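This report goes through one protein chain, from a pair of side chains to the whole fold. Please look over the sequence and the structure before reading on.

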Amino acid sequence: MISQSSPNLKTYHVQRELFVTLTKIAVIFIYGLFILSFMGCSATRSVTETKRTFLEQVLITQSVKSSLNHAKIPLPDGASVQVTTSGLTDDQYFAIKVFEAWLGQQGYKVIEDNADYVIRVVWHGIGTGYNEFLFGFPPISSTLIPFSTPELSFYKMVEQDARTRLSISIIKKEDGQFVSATPAYEGKAYYAVKTFLFGFTFESTNLAPPPPE
């Protein structure tokens, strides 16, 4: 009797261990699906609609300066110029002052009347943007559970940027003769904060100098 029941008992233990193993795998699989249902990637980009913050102002200033890094104006040194501007946003009125300062650094005289040339600046676009990317768990708040969970990010990037695009045309003021027109020049400035593994954070920017903390 003992010799006949031993194989059955051994088979029972093997089947039981197999059942327990498969049950564990199924639980882990279901738990993984539950976690993945909350975890994911998200990316957003928006244009700020509030009054300009300090960081936005600095970003716009540098993006205007950056757009002029490769700008060239074919006028003789020391020529006097009058600047006119057109654009679609109120930021152009500040940007033109940055442009006039740049002209002075190039050796030109910026005056209102009796100038040798008129420089017309067309601002194709001046503006700021906001980008956010998250890989991890967003904050969860639900009426089904009595508590809310904080955001848990394996990787998160929040970036603000500013872009400027402009073109320049030059006209002789005395007789209105067209002199030259430039291609469109474009500049960008950005400031980003990146977070790894729930808490390791560092900043990256092309602002010089970077904004104060």
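The side chains of Glu 100 and Lys 97 form a salt bridge, with 3.7 Å from N to O. The model is a predicted one. Both residues belong to helix H3, and because they are 3 residues apart there, about one helical turn separates them. Lys 97 is exposed, at a relative accessible area of 52%.

Helix H3 covers residues 91-105.

Which residues of H3 are buried? They are Asp 91, Gln 92, Ala 95, Ile 96, Val 98, Phe 99, Trp 102 and Leu 103. Viewed down the axis of H3, these buried residues fall within an arc of 160°, so they line one face of the helix. Their cover includes helix H2 (54-67) and the strands E2 (80-86), E3 (109-110), E4 (117-137) and E5 (152-172). On the face turned away from the buried side, H3 carries the exposed residues Tyr 93 and Lys 97. Just after the helix, Gly 107 has a positive phi of about 100°.

## Asp 91 and its partner Arg 52

Asp 91 lies in helix H3 and is buried, with a relative accessible area of 16%. Leaving out residues up to four places away in sequence, Asp 91 touches Arg 52, Ile 60 and Ile 126.

With Arg 52 the link is a salt bridge, in which the closest N and O atoms are 2.7 Å apart. Arg 52 sits in the loop between strand E1 (40-46) and H2, while Asp 91 is in helix H3, so the pair ties together parts that are 39 residues apart in sequence. Arg 52 counts as partly exposed, at 30% relative accessibility.

## Strands E5 and E7

Another salt bridge joins the side chains of Arg 165 and Glu 186, at 2.7 Å from N to O. This pair links distant parts of the chain, since Arg 165 is in strand E5 and Glu 186 in strand E7, 21 residues apart. Arg 165 is partly exposed at 40% relative accessibility, and Glu 186 is partly exposed at 42%.

Gly 187 is also found in strand E7, which runs over residues 185-196. Is Gly 187 buried or exposed? At 4% relative accessibility, Gly 187 counts as buried. Beyond its neighbours within four places in sequence, Gly 187 contacts Ser 63, Ser 66, Ser 67, Ala 162, Arg 163 and Thr 164. Its C-alpha atom is 8.3 Å from that of Ala 162, a residue 25 places away along the chain.

## A nonpolar patch on the surface

Phe 196, Leu 197, Phe 200 and Phe 202 make up a nonpolar surface patch, with about 420 Å² of accessible area together. Phe 202 is found in strand E8 (residues 200-205) and is partly exposed, at a relative accessible area of 38%.

## The chain as a whole

The chain contains 3 helices and 8 strands. From the N terminus on, these elements follow the order α-β-α-β-α-β-β-β-β-β-β. Of the 213 residues in the chain, 31% are buried.

Among contacts between residues at least 6 apart in sequence, 73% join residues at least 24 apart. The chain exposes about 14,300 Å², of which carbon and sulfur atoms supply 61%. A search of the whole structure finds 4 salt bridges.

Note on methods
Residues numbered from 1 in each chain as written. Predicted model: local features only at pLDDT ≥ 70, side-chain atom pairs only at ≥ 80, totals over all residues. Heavy atoms only, no water. Helix = DSSP H or I, 4+ residues; strand = E, 2+ residues; numbered from the N terminus. Expected span 1.5 Å × (residues − 1). Buried < 20%, exposed > 50% of the residue type's maximum accessible area, 1.4 Å probe, protein only. Arc of directions from axis to C-beta. Contact = heavy atoms within 4.5 Å. Patch = residues over 30% accessible without salt bridge, like charges linked within 9 Å, V, L, I, M, F, W, Y side chains within 5 Å. Areas by Shrake-Rupley, 256 points an atom, 1.4 Å probe, with all protein chains shown as cover.
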